[in-house]
Amino acid sequence: MAKRVCVVQGEDAAPEVVVPTVQILEGMNLDVEFIWAETGDEAVAKYGTSFPESAKKMIDESDCAITGSTRNLGGVHGYLRWGKKCFANVRPTKYVPGLISPLKNPEGIDFIILRENIEGLYPGWEGDIAQLAPLKLKNDMLGVMLDTTAKGKFAVKVNTEAITRDICRIACELAMQRKARGGPGKVTVSSKYNVLTQSDEMFRRIAEETVRQYPELTFDQLIIDNCAQQLVINPQQFDVLIMGNQHGDILADEASALIGGLGLTPNACLGKEFAYFGSVHGTAPDIAGQNIINPTAMLLAGAMLLEHLGYGKEASGLEAAVYKVYQDGKYLTRDQGGDASTTRFCEAVKANL
Ligand code: ATP
């Protein structure tokens, strides 16, 4: 039976990369059906909401989704992430010749940031400090009590053992898959475990315990600020990096910059029963409607989607077709120093397939 993929076009410049990517995937003539959900501005005009019930139903009836970025985290993306419990955000960063990296020596950069996607700070449980009074919060090491008479706001950061174990397991499986293709088989966990000695230390400890169950893998740990600088100084040391929601959000953008910018890095959000694929970058509203947005991230997300659906050979073929455009250097988009349009770049990819 054909696999069904729900397409969410996204907003601002996002449809300019989603539409040609899906066209290329459709052109590969695989047993995959793409169905288009009405969301975003189009849905607001028609239904008065950016995420109508019909779109939710389409997602529920699909095996996975390919998604353009949206301006807000609620709506369709909130549903995909929290409603479908896609807790593992896989963000690969790989340098290939032809990319404009700001580093003197980018050769050999090839790692994944695996970011926990639904816990940490980003569910956005916030409120007034006064609400915390009943908890009588105290840091025993510092002997500091929280002054709940002060005016201000708090944000809660939650990490459960169950999700932490699940994400660490995925990190190990990814490292094993990469090892089978010649990777070093290394998992590095990063958090602020020296300061957050309960929550971030639990994250670190569970990562270590999980990796130790895989004798073929090596384990490393870095405090998050050190990790941020190690990414710049020696990114080649990394294979699979695992980190919490906010840390992964920030460092994955840093990682994109190492190889040439946000236009280049795809991501997959995996749950136990659903997955969706898209770009790390946002909606790029400043360049919307100009046909200049770099489609690389979305095309590589398309390759990740194919791999997820069991089309490994086709996924590698699409990835190679995208990277060949960089090796040839003739049809690069503006962010990569060229003057090709989005459409021209995609035509070059099609020709390489
Ligand atoms: P979000 O918070 O939603 O992730 P953001 O703040 O990271 O969004 P983006 O929309 O990713 O912002 O855009 C940041 C900058 O990078 C903008 O100047 C945008 O034009 C540029 N940019 C993002 N994606 C691309 C792309 N694919 N091609 C070219 N430029 C891009």
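## Two loop residues with positive phi

Lys-85 sits in the loop that runs between helix 4 (75-83) and strand 4 (88-94). This is a predicted model, and in it the phi of Lys-85 comes out near 50°, a positive value in a residue other than glycine. Most residues other than glycine have a negative phi. Lys-85 counts as exposed, because its relative accessibility is 53% and the cut-off for exposed is over 50%.

With a relative accessible area of 68%, Asn-29 is exposed.

## Helix 1 against helix 9

Now for the helix pairs. Two packed helices are described by the angle between their axes and the distance between the axes. Helix 1 (residues 15-27) packs on helix 9 (residues 296-308) at an angle of about 40°, and the axes are 9 Å apart. So helix 1 is oblique to helix 9. As for handedness, helix 1 and helix 9 make a right-handed crossing.

Which residues in helix 1 and helix 9 meet? On the helix 1 side they are Val-17, Val-18, Thr-21, Ile-24 and Leu-25, and on the helix 9 side Met-298, Leu-299, Gly-302, Leu-305 and Leu-306. Sorted by class, the residues of this contact are eight nonpolar and two polar, with no charged ones.

## Helix 5 against helix 6

Helix 5 (residues 161-180) and helix 6 cross at roughly 45°, their axes coming within 9 Å. That angle makes helix 5 oblique to helix 6, and the crossing is right-handed.

Helix 5 brings Glu-161, Thr-164, Arg-165, Cys-168, Arg-169 and Cys-172 to the contact, where they meet Met-202, Phe-203, Arg-205, Ile-206, Ala-207, Glu-209, Thr-210 and Val-211 of helix 6. The class count for helix 5 with helix 6 is seven nonpolar, two polar and five charged residues.

## Arg-204, a buried arginine in helix 6

Helix 6 (residues 199-212) also holds Arg-204. Is this arginine buried or exposed? Arg-204 counts as buried, because its relative accessibility is 11% and buried means under 20%.

Leaving out residues up to four places away in sequence, Arg-204 touches Val-189, Ser-191, Tyr-193, Phe-219 and Gln-221. Take Ser-191 from that list: Arg-204 and Ser-191 are 13 residues apart in sequence, while their C-alpha atoms are 6.8 Å apart in space.

## Helix 7 against helix 8

The last pair is helix 7 (residues 224-233) and helix 8 (residues 245-259), whose axes come within 10 Å and cross at roughly 10°. Helix 7 is therefore roughly parallel to helix 8, since the angle is under 35 degrees.

From helix 7, the residues involved are Ile-224, Cys-227, Ala-228, Leu-231 and Val-232; they meet His-247, Leu-251, Glu-254 and Leu-258 in helix 8. By class, the contact of helix 7 with helix 8 has seven nonpolar residues, one polar and one charged.

Technical notes
Residues numbered from 1 in each chain as written. Predicted model: local features only at pLDDT ≥ 70, side-chain atom pairs only at ≥ 80, totals over all residues. Heavy atoms only, no water. Axes fitted to C-alpha atoms, helices over the stretch in contact; angles between N-to-C directions. Helix = DSSP H or I, 4+ residues; strand = E, 2+ residues; numbered from the N terminus. Parallel < 35°, antiparallel > 145°, perpendicular 65-115°, else oblique. Left-handed = near helix turned anticlockwise from the far one by under 90°. Contact = heavy atoms within 4.5 Å. Nonpolar A, V, L, I, M, F, W, Y, C, P; charged D, E, K, R; others polar. Buried < 20%, exposed > 50% of the residue type's maximum accessible area, 1.4 Å probe, protein only.
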